[in-house]
Amino acid sequence: MSGVRAPRRGTPAAQGFRMPAEWELHAATWLAWPHHTPDWPGKFGAIPWAFAEIVRAIARSERVRLIVRDAAYEAKARRALGQAAAPLERVDFWRATTDRGWLRDMGPLFVVREKGDRRELGATSWRFNGWAKYPNWRRDDAAKDRLLRRLRVRTWQPTVAGRRVVLEGGAIDVDGEGTLLATEECLLSPVQARNPGLGRDGTEQALCDFLGAERVVWLGDGIAGDDTHGHVDDLARFVRPGVVVLASEDDPGDVNHRALAENRERLQGVRDARGRPLEVVPLPMPAPLRFAGTRLPASYLNFLVTNGAVLVPTFNDPMDRIALGVLAELFPDRTVVGIHAVDLVWGFGTLHCLTQQEPAPGVTLR
């Protein structure tokens, strides 16, 4: 765990901006209509219908900003959403060319600044490089800046020593009050090297300067099958200030057992940026899910919080019911909705990976 940090002069955090928690009021959730068939080889036919269900569930309580490649894809999306009975009046279609469209990672990370009982919206545009793994990322990296110009929001491009910093939204989770979760496997591993030479101190300072992270809580490794090299949104999430839900695997024969137990040990006795001891709530893992011999990153932690609901990936597993029950107790003010994700996870991500929330400007509501 890091110590408490202060932002450098002139940075968004020094000007009062912070990344809000996901449960704070949204103006909209961003999503990109699927088009890159290699992400779901052999299963792509089912994916647009899964997206239509996600859009329908989100749009019950907030707007959806749906990114489509062109007019033809917009027409496809409109047909599928109409057949799924999604409320099209709550969907804004924005055209942009993307390589793939995993919004959590390629999209902006929004920040807000409170002014009395109101708040101002800003955005940080981190560099996206295809998880330091895939070659098709340049259009994804460029798309968010074009979209932010359309949104007309003040934007920063995080840089250190003149170099843009690489960061995906799935690599972090925040409580909105200065505490940030991340894994060493993703952000500090010299093997995966998002930002060679930046190191722990430089990474923490960038997270402090541009997202308002006063304290970074470092976990170790992520879950098996995660081809993003340890994104924390499959592993551990804040559900309110001072409370973290953590993936748990009781089977000592499962490859996840040791790493998840070590992460629980790391959280013992940890205090957040406000000095509160973190309460850790275990959330079970589903049974190992494989397709074509490949272990997939099936995890209930990849849930999405919207204004009125918590959307949770489910996997036709007995643990589905238990996970939904745990999250229902943790989010008593929202409806917990299971979304079938067996097909989605063949793309190595589910609900949280595909979406990005845009905080609501105006009156603050937590």
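## The largest cavity

The lining of the largest cavity divides into 10 nonpolar, 4 polar and 4 charged residues. Here Ala, Val, Leu, Ile, Met, Phe, Trp, Tyr, Cys and Pro count as nonpolar, Asp, Glu, Lys and Arg as charged, and the others, Gly among them, as polar. The model is predicted: local features need pLDDT of at least 70, side-chain atom pairs count only at pLDDT 80 or more, and totals for chains, interfaces and linings use all residues. Residues are numbered from 1 along each chain as its sequence is written, and side-chain values use heavy atoms, with hydrogens and water left out.

A cavity is a set of points on a 1 Å grid over the protein atoms alone where a 1.4 Å probe fits but cannot get out, and its lining residues have an atom within 4 Å of a point. The volume of the largest cavity is about 110 Å³, the space filled by probe spheres set on the points, which are joined across faces, edges and corners. Of its 18 lining residues, Met19, Glu22, Asp173, Val174 and Gln357 lie nearest the centre. At least two lining residues come from each of strand 9 (173-174), strand 12 (236-240) and strand 20 (355-359); strands (E, at least two residues) and helices (H or I, at least four) are DSSP runs numbered from the N terminus.

Asp173 and Arg237 form a salt bridge through their side chains (3.1 Å, N to O), the term meaning a side-chain nitrogen of Lys or Arg within 4 Å of a carboxyl oxygen of Asp or Glu. This pair links distant parts of the chain, with Asp173 in strand 9 and Arg237 in strand 12, 64 residues apart. Both Asp173 and Arg237 are buried, that is, under 20% relative accessible area with a 1.4 Å probe and protein chains only (exposed is over 50%, partly exposed in between).

## Other salt bridges

The whole structure holds 32 salt bridges. In one of them, the side chains of Asp92 and Arg63 meet at 2.7 Å, N to O. Asp92 lies in strand 3 (residues 91-95) and Arg63 in strand 2 (residues 63-68), so the pair ties together parts 29 residues apart in sequence. Asp92 counts as buried at 19% relative accessibility, while Arg63, at 29%, counts as partly exposed.

## The second largest cavity

The second largest cavity has a volume of about 60 Å³. Its lining has 8 nonpolar, 2 polar and no charged residues, and helix 6 (residues 199-211) gives the most, with 3 residues.

How values were computed. On a 1 Å grid over the protein atoms alone, a cavity is a set of points where a 1.4 Å probe fits but cannot get out, and a pocket is an open set with protein on both sides within 12 Å along at least five of seven lines; lining residues have an atom within 4 Å of a point.
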